[in-house]
Amino acid sequence: MTPVEAFNLNRLILRAAVSGRFAPEKLMADLPESQVEGASGPLSLVCDEDPVGAGRAWILQPAVRRQALAGLADEAAVKAALKGAPPPASGDLFATALRRLLQGRPLMVPKGAGEAELEAAQHAALQFAQAAPVVDRTACNEAFNQSRSRIAQRRRAQALKTVLPRDLVGRRDELAALRAFATGKERDVRPKLVTGVGGVGKSALVAAVVQEIAQGGRTTILLDFDRADLSAGDPLPIAREIFRQLESAWLARTEAPFRKAAQIIAEIRTRIRELEARATREKADSQLAFVFSELLPRLRGLPLRVRKAGVLVVMDSFEVIAGRGPVVVRRILKFEQYLRSEAVLDGVRTVISGREAPFQSDAELKRRCGDADRRIRVEGLGEEHGALLLKRLDTTRRFPAIADRRRAAAALGGHPLALMVLERFARDQSEAEIAELLADLEANKGFAAEFAQAFVYTRILDRLHDPELAALAHPGLVLREVSADLIRLVLAGRTELGDISKERAERLLKKLAGQFWLVEPLRKGVWRHIPDLRRLMLPGLFAGPTARDEGGEAERKRKLKIHSIKVCHAASAFYAKGPKSDDPAYGSWRRMAYRDRKAQATYYRALAGIRPPPTMDRTAAAELRAGIGSDFNDLPPAWRAVVKVSLGELKELTDAERATLQGSTARAAKRVADEVAITSGREEEVIATAVLPGPVGEAQVEDLEQQIRAAFALGEFEMVVPHAEALLHHWSAGRISSESLRQAEQFQMSQSAPWLAALILAAQGRMGFWEELPDRGPPTQGDILLTILAAGHTSRGMRLDMMFRGDRGRLSGVDGLRLAAKILGDEIKWSGPEISVEQTALALGDPAVLTALAEMLQRQPKSGIPTLLAPIARGAPDLATYNDVYRKPIPAGLGAVRKEDLKRPELWQALRGLTPELHETAARLLAAMPDHGRMELIEAVAETARTWPRDLWFHPAPGQAVIERGPRRTFESPHALIVVQAADRCGVLLELLNKLPTGPSTETLRSMHDVITKQFFRPFGEQ
């Protein structure tokens, strides 16, 4: 690129940065014609193209825009950028808002029609404007937060609007009970459980309460567990979403206490992001411990008015969580409880909405949610209120007689959605046809409420006397969309319609459009079947006759299945190949994006029963998923499984989808399912399917690793000794899983299965074969770490700088400190990375050692006493201080530590508080102890520590004598893991293990503690 071309490109990028969508020829209008070609090529590489009418428009890529805006340091630079830039296109709200911000002019206030569109454009502009130094960063950030809050509030209001009817009929008692609970008038603060079958009105009931109390000034939080990021039930994503909504709601308030509260919440959200940014994925119990000990206590700093203010938390689609099992349900309910007890948010009230109760045990359900009369079971409206609902729905007066409305309501059990479908169908029916349908419904009373909607749909379809409409509806329901072209080219000839002309197809479409119960407009000339109706009826189109069907019914279902499959094949061919080039439909087909045509064709191939390919290109899978949207769930399980596997969504596989997989893919899916079980605290499920080692291979290695990790967490060490031996023999032969190598590269080996296997065998005295490990030539980083961690070999001349290449440059975390201890202890060359003095001092907590360390620091150039040393020296820090220190990477500020300093016993001792492998198992054993014994053990361990977190002293058990230590707290289940972590960091984990009840698991844990001590923490003086 010549200097002139480079100059032109930079100038054009700056113009594009202050524009929205632009026509490239207008952006380059002042360039000499000879330079346009040389500029347009490079410019196109940093722009995305969007078709606009007959022309084209480009838009600068986001990262390039931010980089360009970062150069706008003053008003002159902004003027230079705007000079030559084309004016914003008509309706380009983003470009208008961005230029106003860059010029220091106020934004327009979003009001009235187009408010949401303007808000969204300005929100995007505020995001980009913050990159420009010329903009007031503080004011811009404040405006951005306010805009984000308004958008969130608008989305919530829209979500409520979609489920909230104009009038809530027949729910007075339920509404009053929920209102009293949500506003704090009910003394019982346990969650209020709302259950009921789909379509019965749970969402409308809860939405009515949410809207009512929100209008009264209370804060509402909506958690939809149908969302992918919440469906696992892990505490950290739930906390992230709760705090996101709290910050948004409180930012929208004008009162000073709530503005201050929003700032505190913003800091908490930063802590969550920091934890999530770590390479290690915390287990669910560890996540809960983090939320419990480090996030919720920070809410105690909220102004009293905010802590007392009402907050309604709605947990919707809770049946998703119930499907994860009682362990996950209990964890979420504990989280909910801690919002009040630990965060002291006295005004928090939680409504749980789901199809069924989350516990099978009546006793546990009563303990968690109260007596049956406190819980709300949403049933059908009944005859009286169902008739009233039908009267309000009946705008065309098809049910003028109260007797008919009561008959319909009684026949359908007052099921709201079924009554709505009935009313929509009746709009275009005669009195005689309506009377006949009512008689049919009455003759089949007594079915379960959840079948009401399907039942009324079926009865309506059966009563379509118009054969053309019948064909359009059945099997026409197969089609996602209906147009005159699709009727003519797809449905005709595959149904009872026969071949039809273009004019007749348009008349049929008009006739179909009059069936309000069946279709709704999508866009000009295109209609779609009511989604709920289509989703409900689709399986029946392909079911065929059952063994109980006879005669005409069996023949009807057989023909329906044949016609439905034919329609699918025809639809697939239409989208894949298109009509003939001289057909009137060819133009509209051609205008469809190729990826959309391909997605539609694949969708109908799947419905037709064509087997999916063994694998699918990731791009193709993503385009299929995007192209059919929510109809993805219509696909057969085998197709859904292939798409999810191709997209790497193994965690999202259902049991039915997983059952369709074979070979290595099935094994991979099983491993992912086991991994989810392990991280969510359901290790028993993995152990239950454990098998003895089989054929060698990476898949077998990964299976062994998961079983070892699950058994380790449960303390079932003995049962996986054969698995541990097999895994380490695989490793000694050079076979190790990609996950273990990834953990080695990211310094997470203390959590890896090879190291846990080595610990299990070492604790059992079965480590002799390690002495004969082969030397496989120049070691990789993974080899080095595995060797040091599992085998303890550091005599091959390994140096720290062999492990750190590129940008890594310094150790971090538990593995880093332990490797430093090991290598320093073996007097291997020290080459740069430093041990954290904060961690050293904190683990010891001895004033004499603190003084010695401070003196050692002062001898080093360019260093000072770390800020955390002072509070530690004065006395026991709080738990948050401990955790902050242990999460920090090892700082590079000590310079070259002298060899005599490295041999100081206190430096070795300080590194001892790093044994995370044992934490989870020890916490399980501690939590299982009787209350009195557990409290005595914790008190004794805390007394032996040089320092102990001041907020980890607990109320004693009845009859237990304790020394007065200031404020004490009630022991809760997450404290078991927190206490074990604190004992380790205070250097008294062995004392805790020695006091646990005697048993095989406890003895193995103590042996493992000795192994880790021997491997990493021998005094330097003994070398």
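Trainee: Which residue takes a positive phi in the hairpin of β9 and β10?

Mentor: This is a predicted model, in which local features need pLDDT of at least 70, side-chain atom pairs count only at pLDDT 80 or more, and totals for chains, interfaces and linings use all residues. Residues are numbered from 1 along each chain as its sequence is written, and side-chain values use heavy atoms, leaving out hydrogens and water. Strands (E, at least two residues) and helices (H or I, at least four) are DSSP runs numbered from the N terminus. The hairpin has 2 residues between its strands, and the positive phi, near 80°, belongs to G525.

Trainee: Is the pairing of β9 and β10 parallel or antiparallel?

Mentor: Pairing requires that DSSP find at least two bridges between two strands. Here V519 stands opposite H529 in β10. Residues 519–523 form β9 and residues 526–529 form β10; they are joined over 4 bridges, and the sense is antiparallel.

Trainee: Which strands stand at the edges of the open sheet?

Mentor: The sheet has 5 strands in the order β4-β5-β6-β3-β7, with parallel pairing. An edge strand has a single partner, so one side of it is left without a neighbour in the sheet; this applies to β4 (219–224) and β7 (376–377).

Trainee: What angle does helix α10 make with β5?

Mentor: Residues 202–215 form α10, which packs on the sheet and touches β3, β4, β5, β6 and β7, a contact being heavy atoms within 4.5 Å. Axes are lines fitted to C-alpha atoms, for helices over the stretch in contact, and angles run from 0 to 180 degrees between N-to-C directions. On that basis the angle with β5 is about 165°.

Trainee: How many residues apart in sequence are the parts tied together by F225 and F318?

Mentor: Rings of Phe, Tyr and Trp (its six-membered ring) pair if their centres lie within 6.5 Å; planes under 30 degrees apart count as stacked, over 60 as edge-to-face and the rest as tilted. F225 and F318 are edge-to-face, at 5.7 Å centre to centre and 80° between the planes. F225 lies in the loop between β4 and α11, and F318 in the loop between β5 and α15, so the sequence separation of the joined parts is 93 residues.

Trainee: Is W589 buried or exposed?

Mentor: Buried means under 20% relative accessible area and exposed over 50%, with partly exposed in between (1.4 Å probe, protein chains only). Y586, at 25%, is partly exposed. W589 has a value of 7%, and therefore counts as buried.

Trainee: What distance separates the C-alpha atoms of T915 and D984?

Mentor: T915 is in the loop between α46 and α47. Its relative accessibility is 0%, so T915 is buried. D984 is 69 residues away along the chain, yet the C-alpha separation is 6.7 Å.

Trainee: How many residues does the largest nonpolar core have?

Mentor: A nonpolar core is a set of buried Ala, Val, Leu, Ile, Met, Phe, Trp, Tyr and Cys residues joined through side-chain atoms within 4.5 Å. In the largest one, F243, W250 and W948 have the most contacts inside it, and its size is 107 residues.
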